[in-house]
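This report describes the fold and selected packing details of one protein chain. Please look over the sequence and the structure before reading on.

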Amino acid sequence: MSAQGDCEFLVKRARELVNEDPWAAKAWLITARTLYPSDFNIQYEMYITERNAERTASAGRLLYDMFVHFPEQPVVWQEISIITAALRNDCQDKQTQFLRGLFETLPGRVQCEMLLKATEQCFNTLEKAEMLLLLLRRFPESVVQHGVSLGETLLEAENIEDQETPVNCFRKLFVCDVLPLVIHNPDMRLPASLLHKYLHKAAEFYIAYVTKAPSAESQHQGSQDAANLKSPTKRSSQKYIIEGLTEKSSQIVDPWERLLEILSVVGVRCEWQIDKGSRTFVDILHRMKELCRYISNFDNEAHLKYKNQVVYSTMLVFFKNAFQYVSMIQAPLFQGPSTPIQSTWILLEDLSNVYSDVDADRNKHIHKKRKLADGREKTMSSDDEDGSGKGRGRHIVINKAELPNSVEMLESFKIARESWELLHSQETLENEFTRICLSWKTDSWLWMRIFLTDMIIYQGQYRKAIGSLQQLASFQALQQQVPAQGSLEQHRALIQLASCHFALGEYRLTCEKVLEVICYMVPQAQDPGRALEEVAKVKKKYRKGTDLRLLACTSKSIMPYCLQLVLACFKLRAFTDNRDDLALGHVIVLLQHDWPRGESLFLKAVDKICQEGNFQYENFFNYVTNIDMLEEFAYLRTTEGGKIHLELLPNQGLLIKNPSPSVGLLPQEFIPVLLPGLQTADRHHTVTRGITKGVKEDFRLAMERQVSRCGENLLTVLHRFCINEKIILIQTLA
């Protein structure tokens with residue numbers, strides 16, 4: 001029998017015995033190996049037997065022998081491929097753990113050589129990178145030789161594959177796995193230009209990762225994760241699956257801290273002026289402000305070095321805090337489809353003083369908008385707009401009970417604004433920051449546009465804010481990225497536009513935008529007890545009118561604000577020296593909301609009517625249901641009230657000619673607006689102050705009928721007023 005035949009016989013005999021008598025099978029193989037030490041089949045059969053028996057040490061020794069003596073055999077590389085795959089695998093099953101243990105039994109030199117040669121066998125860039133990464137992690141000394149080349153290979157592959165987003169498998173491996181090994185290796189000597197490039201790539205990746213809007217396909221999260229999403233500092237809990245990577249490999253814990261660490265290490269290597277105690281973003285911003293004070297004193301080389309330090313450091317502070325602010329006021333932008341939708345918030349002009357005395361309002365300079373003596377608006381050029389807004393501290397009013405983390409949110413907004421201003425404080429800083437933003441295409445980031453719009457509004461640059469809001473509205477429609485929360489959320493830009501037009505004194509445009517928004521609202525049911533309670537809590541402190549307010553973007557919050565905005569548009573016009581009964585009538589209708597906060601202003605309106613001796617407003621009985629107001633107007637018709645001539649009914653002659661009981665008391669135009677279901681026991685309420693003494697029958701009957709409507713939902717009445725009288729309201733301000 002030939003030697004080949006003998007080997008095959010011995011191997012066959014061992015296979016037959018392996019199940020019933022494994023020790024006998026092992027003896028046959030040892031004998032065969034002794035007789036034929038250079039036969040690969042015998043060696044491989046011994047390895048398979050030991051591997052299947054999960055004897056780690058002996059299987060490792062046999063694999064080592066095959067790797068040394070039979071490196072050309074394809075099955076050897078097949079086994080090595082299985083083992084290296086187990087090393088890269090996230091699974092913790094028994095087989096995977098055994099293969100990892102088998103690899104650990106190999107000598108370090110052999111492990112290094114095996115991984116290098118296994119890398120050469122890979123033709124897939126991603127697989128090759130992961131294999132080489134195993135080598136770099138296990139043998140740090142190999143980073144000097146292979147670290148930079150691996151990083152460049154990954155960045156080149158990203159360009160070749162034409163990835164649409166920085167959040168891709170190649171950039172993730174480079175930024176999160178390769179780059180830390182490279183920059184932390186003390187034996188690496190890297191030029192500053194390369195370090196700047198790597199910092200640039202890392203910042204782009206981490207910012208894109210943190211601010212990425214999750215989709216149903218790319219997000220998997222449990223109930224606990226969903227709870228964590230409420231805090232923007234817990235963005236690491238979002239489970240993105242990056243294409244080409246496993247779920248575990250796709251996860252990044254504390255991305256902002258990782259980016260801060262890279263910034264710190266790069267700064268040390270580039271010999272930046274770094275305070276080792278500055279480990280927070282706020283500390284970094286303060287340090288950069290100090291550095292900017294004397295940066296111009298350095299020579300060209302040092303100036304370039306510190307310019308890069310200021311730009312990159314301040315830029316990271318800006319993006320982190322701007323994102324944190326937007327993630328609190330626009331949480332749905334960063335939540336998955338399965339996450340419960342949270343309220344969004346909108347930054348608007350504060351109208352707390354809308355019920356204050358008109359004389360005080362006239363003394364306010366509303367961002368350089370001049371008012372003519374008759375109260376009509378006079379449009380100024382864009383050069384007249386107040387550009388000093390960013391220099392003054394404006395107070396942002398917010399209900400802390402509705403937004404518990406409001407302090408953190410306002411602090412983030414403040415830090416982001418300061419960072420932005422620092423980046424634009426010098427031409428060289430601004431140019432470099434602009435260059436980076438262009439390369440990252442930040443103009444396509446919806447959340448960034450939202451922040452910049454709010455910042456411009458805060459700075460009082462309302463003309464610029466209007467342009468930004470118009471772009472934002474079209475941008476949102478194009479991206480369709482805002483969750484479907486109903487029409488109000490989709491029209492939030494209109495609300496801010498209205499607020500900006502009002503700040504500029506453009507009342508007709510304000511009214512147009514507000515009335516358009518109101519069309520998409522559903523009036524909420526009133527809670528009289530709660531309304532009175534809120535009125536009692538209103539502070540009497542008068543402010544100068546430069547405050548802003550953050551409101552929840554819901555009908556419950558925005559509807560009252562819109563009513564106040566319309567009131568503010570008519571307020572100055574109604575109380576000018578020139579008579580305008582229509583404007584005054586609109587004001588009286590709107591003053592019903594939040595009653596009795598507007599009582600003093602209403603009494604001022606009554607005084608003005610008394611001075612004129614007459615008043616005409618034919619929509620009075622359509623929309624005025626406030627019992628106190630009805631009583632005042634009833635009193636004005638009496639002798640004691642001055643016998644003021646009031647024309648409050650449309651087609652008054654028709655009403656006198658055709659008196660009829662019950663519903664016929666009012667002309668047909670009134671019937672649709674008087675909802676029968678809302679009539680209550682208040683119908684029999686007696687209007688005092690002599691309404692029945694000497695007044696005309698038509699006025700008395702209409703007033704009694706109006707008293708019966710006092711139980712109607714006031715928000716519904718005012719909502720109907722804004723919709724039905726939209727054209728008249730806008731024309732009055734023309």
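Against which helices do the buried residues of helix 33 pack? They pack against helix 24 (507-518), helix 26 (555-574), helix 27 (581-590), helix 29 (620-623) and helix 34 (726-732). Helices here are DSSP runs of H or I with at least four residues, strands are runs of E with at least two, and both are numbered from the N terminus. Buried means under 20% relative accessible area, with a 1.4 Å probe and protein chains only.

The model is predicted, so local features need pLDDT of at least 70 and side-chain atom pairs count only at pLDDT 80 or more, while totals for chains, interfaces and linings use all residues. Residues are numbered from 1 along each chain as its sequence is written, and side-chain values use heavy atoms, with hydrogens and water left out.

**The chain as a whole**

The chain has 34 helices and seven strands. Of its 734 residues, 52% count as buried. Contact means heavy atoms within 4.5 Å. Among the contacts with a separation of 6 or more, 73% are between residues 24 or more positions apart.

**Helices 33 and 27**

Helix 33 (residues 714-724) is largely enclosed by the rest of the structure, because eight of its 11 residues are buried. At its start, a side-chain oxygen of N713 comes to within 3.0 Å of the backbone nitrogen of L715. Helix 27 is mostly covered. The table gives the buried residues of both helices.

| Helix | Buried count | Buried residues |
|---|---|---|
| Helix 33 | eight of 11 residues | L714, L715, V717, L718, H719, R720, F721, C722 |
| Helix 27 | nine of 10 residues | D581, A583, L584, G585, H586, V587, I588, V589, L590 |

**Helices 28 and 30**

The axes of helix 28 (residues 599-612) and helix 30 (residues 627-636) come within 12 Å and cross at roughly 15°. Helix 28 is therefore roughly parallel to helix 30, a term for angles under 35 degrees. Axes are lines fitted to C-alpha atoms over the stretch in contact, and angles run from 0 to 180 degrees between N-to-C directions. The crossing is right-handed, meaning that the near helix is turned clockwise from the far one by less than a right angle. At this pairing, F602, V606, I609 and C610 in helix 28 meet M629, E632, F633 and L636 in helix 30.

**S419**

S419 lies in helix 18 (residues 406-423). Its relative accessible area is 0%, so S419 is buried. Apart from neighbours within four places in sequence, S419 contacts L285, T314, V317 and F318.

Notes:
Buried < 20%, exposed > 50% of the residue type's maximum accessible area, 1.4 Å probe, protein only. Polar contact = N/O pair within 3.5 Å; in protein donor to acceptor, adjacent residues only side chain to side chain. Parallel < 35°, antiparallel > 145°, perpendicular 65-115°, else oblique.
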